[in-house]
Amino acid sequence: MAAAGLGALLLLLMAAVAPRAGQPVFQPSFIHMSGLSVNSFFHGNSSGVNFYIILNPIDEETGKLQVSNCSGSKTAGDWNLSVTPGVDTSKVIIDLTRNLQLCLPNATDCCTAPLCVLETLQVLACHDSVVLAHLLIQAEIYANSSFTGNVSEDASVIPNQVFQPLGPCPCDLTDGACDVRCCCDSECTPDLKQLFNESCFTGVFGGDVNPPFNQLCSTKTDEYTPDWFPFLCVQSSLNNTPFLGYFYHGSICRSTPRVPSFKIPLQMSHAKVFTGYSQGDPIMTEENEYFTIPQQSMAGQCVGNAPVAYLHDIDVKCLTDLTSYKEGLPHDVRINSGIGDFIQQNVIYRTIADMGKFIAKSESLPTTEILCQNVTFAENYMFICKDENIEGINVTVFLGRLCDGEILTQRFTAKFVSLKSNNAEELSGNPGYQVGKPVRAANMNASDTSGSLNIFQPAGRGLCTSATDSPVLFGLDSFSGCILEVGSNEDCTLLRENVTERLNSLIQATHVGKRSNSSYSDVNDWVEIIRLDPLNPNTSVSTGNLKGICPDIPANLNIRIIFADVGAVQGIARQEILAVQISYSTVIWQFQCGLTCENTVSFLPITASVQFIKVPAQPPIPMTRFQINYTEFDCNRNDVCWPQLFYPVTQFYTGEPYSQCLAKGLSLAFLVFLAAILSNPWFSKVWDNFLI
């Protein structure tokens with residue numbers, strides 16, 4: 001009833017302050033506020049307009065909105081009003097300046113109840129004592145349940161966790177505040193517990209520190225209880241429970257100075273001896289910090305302080321504007337070569353002539369008084385490597401002018417080039433392929449043996465006419481495609497030829513290199529590409545002479561690459577390509593049109609997919625006939641494993657020292673042998689004769 005009355009009151013207030021057409025207005029004109037700050041927009045000419053904030057403008061007796069007058073200020077109680085003026089639109093921001101923490105003992109300036117703020121505000125826009133527009137705000141703000149105070153350095157007296165539980169409520173991790181989902185937390189009020197009452201932590205962590213365990217005789221159930229349970233169950237109190245020590249091997253946490261991000265502690269730097277970089281190792285600087293370049297995270301956002309890994313090429317694009325632009329790592333930072341020497345960056349600065357390739361969006365702003373700044377548009381890093389060391393680093397920085405309101409697409413690249421190569425071909429330090437490196441291809445039927453193995457890289461609208469090619473990268477499954485425009489009168493034979501020609505243009509090779517350093521002069525370093533051409537359309541099901549339907553269109557190109565680990569170089573697996581197969585998948589294309597099909601085109605998507613299949617370097621040992629027929633001796637397919645009957649006395653068991661396992665095993669064998677002798681009938685005869 002109260003909620004319905006409040007809703008009717010709010011609707012009445014909104015109707016009372018509703019603007020007339022053509023008048024200045026707040027958008028939105030009513031806000032239900034639950035945070036520390038809200039904003040609205042004043043639409044209209046703000047020249048000579050003053051803004052005021054009024055607290056509790058509702059009459060308590062009548063429940064109606066009080067008559068507004070242009071008297072007040074930009075502060076009221078714990079509220080602050082700020083306005084960002086504009087030409088036709090001004091931004092109005094209302095902030096709460098009070099503390100929202102729950103009160104601790106002997107604390108002030110805090111919230112005494114979970115519902116900390118329940119107030120009504122009104123913002124007025126006035127011009128010469130005339131009210132132009134109203135903004136009504138209903139603030140209903142709850143206190144924070146997290147603790148942000150100072151942590152005492154005094155260590156608490158913690159009982160021995162081996163013999164008694166650490167505490168009655170292990171999920172109570174925050175002192176003086178309610179921990180969410182911790183129903184045993186004494187700081188949680190009944191109102192807060194209602195928010196997560198049905199999703200409380202269970203088990204020991206949720207406060208059940210002494211739960212009945214399955215071995216207790218009192219926990220016997222009729223379901224899944226063996227007959228011998230009463231003979232082997234345990235009679236014990238819950239104080240002596242196997243859950244004691246559940247949180248053992250813990251430690252007392254003290255507030256210690258945090259190590260800066262991407263920085264190695266000083267004591268580790270003295271112990272580390274640089275003997276060269278391996279693939280994937282982070283590149284270090286002279287200050288023993290990580291050398292960083294902006295890179296994309298798993299969420300797709302750009303991270304400015306991401307370390308650069310050795311032999312891992314980088315090519316990322318990041319969106320930024322003038323307000324969020326940040327300079328990267330200074331170019332005067334020296335790089336650790338890998339053996340303790342330090343290399344200075346060779347930096348070349350250039351100016352961007354065509355900024356249209358980098359400015360992704362530009363808002364229409366007035367040409368006067370626009371803030372602009374010279375920023376970095378792109379940075380290209382080239383690391384010159386030799387074996388496990390870095391011999392040099394060349395950096396090309398492209399500068400341009402970025403103005404307020406423009407969105408810049410920054411590009412950062414890092415490429416590792418071998419000192420022994422002439423930059424004509426990219427080779428890896430590892431003789432085998434590295435993940436992310438281009439797959440090498442060759443055309444043995446041409447005078448120029450260099451070839452290419454590519455996939456689509458669509459651009460713009462995704463049409464094949466504007467699509468470019470990108471190389472196939474080793475170890476990365478990919479799927480790409482483009483859209484081909486087809487008319488209603490398209491000849492099916494010509495369409496098949498056009499699609500096949502477009503897909504074949506991606507494979508300009510007859511062989512693929514087994515390794516990344518395969519030599520063109522050695523045929524044994526290459527594997528021939530197995531091509532499975534599309535089926536002859538004459539042998540497939542015919543659709544007749546129907547207009548706008550073409551069967552057996554080879555629209556999908558499938559590239560399957562089989563590789564294996566054939567060894568290791570300095571602990572890094574050496575991977576080689578064993579076989580490559582190219583096949584086509586056909587579709588039935590049908591012209592699609594709307595109400596009319598004249599002078600229209602339809603679209604045919606064509607795709608190219610790459611799949612890397614890893615196989616063992618050597619075929620597995622085939623199963624014997626005994627292993628196939630007698631599955632009861634197979635430990636992988638049975639619960640009982642007879643071949644592992646004596647596993648505890650073998651050297652593969654590491655639960656206890658081998659000497660103790662051997663002693664226990666021999667003792668057990670002696671007892672079994674003794675029991676076998678005593679159960680034999682002739683032993684009783686010998687024993688009777690001995691007694692006589």
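Reply: The surface patch is made of V640, W642, L645 and F646, which together have about 480 Å² of accessible area. Patches take residues with over 30% relative accessible area and no salt bridge; nonpolar side chains (Val, Leu, Ile, Met, Phe, Trp, Tyr) are joined within 5 Å, like charges within 9 Å. Areas come from the Shrake-Rupley method with a 1.4 Å probe, and for residues only the protein chains shown count as cover.

This is a predicted model, in which local features need pLDDT of at least 70 and side-chain atom pairs count only at pLDDT 80 or more, while totals for chains, interfaces and linings use all residues. Residues are numbered from 1 along each chain as its sequence is written, and side-chain values use heavy atoms, with hydrogens and water left out.

Helices (H or I, at least four residues) and strands (E, at least two) are DSSP runs, numbered from the N terminus. W642 counts as exposed because its relative accessibility is 54%; the limits are under 20% relative accessible area for buried, over 50% for exposed, and partly exposed in between (1.4 Å probe, protein chains only).

In soluble globular proteins, nonpolar side chains tend to be buried together. A nonpolar core here is a set of buried Ala, Val, Leu, Ile, Met, Phe, Trp, Tyr and Cys residues joined through side-chain atoms within 4.5 Å. The largest such core has 39 residues, and V439, L557, I561 and I577 have the most contacts inside it. At least two residues each come from β21 (452–457), β23 (478–487), α5 (492–504), β26, β27 (549–569), β28 and β29 (601–614). Strand β27 gives the largest share of this core, 7 residues. With neighbours within four places in sequence left aside, I577 is in contact (heavy atoms within 4.5 Å) with Y433, V439, F474, V512, G513, K514, V527, I561, I562 and F563. Another core lies apart from the largest one; it has 27 residues, among them F26, C111, A139 and A143.

S602, in strand β29, is buried because its relative accessible area is 4%. Beyond four places in sequence, S602 is in contact with L484, E485, V486, W589, Q590, F591 and Q592. C178 lies in the loop between β9 (130–142) and α2 (190–196), and its relative accessible area of 5% makes C178 buried.

Next come the charged pairs. Side chains of opposite charge can pair when their charged atoms come close. A search of the whole structure finds 7 salt bridges, each a side-chain nitrogen of Lys or Arg within 4 Å of a carboxyl oxygen of Asp or Glu. One of them joins R515 to E576, with the closest N and O atoms 3.4 Å apart. R515 is in the loop between β25 (511–513) and β26 (526–532) and E576 is in strand β28 (residues 572–590), so the bridge ties together parts 61 residues apart in sequence. R515 and E576 are both buried. E576 also bridges to R574, where the closest N and O atoms are 2.7 Å apart. R574 counts as partly exposed because its relative accessibility is 21%. Through shared partners, salt bridges join R515, D525, R574 and E576 into one network.

A further bridge pairs R411 with D315, the closest N and O atoms being 2.9 Å apart. This pair links distant parts of the chain, R411 in strand β19 (residues 406–418) and D315 in strand β12 (residues 314–321), 96 residues apart.

As for the chain as a whole, the secondary structure comes to 8 helices and 29 strands. Of the 692 residues, 31% count as buried. The chain exposes about 43700 Å², of which carbon and sulfur atoms supply 54%.
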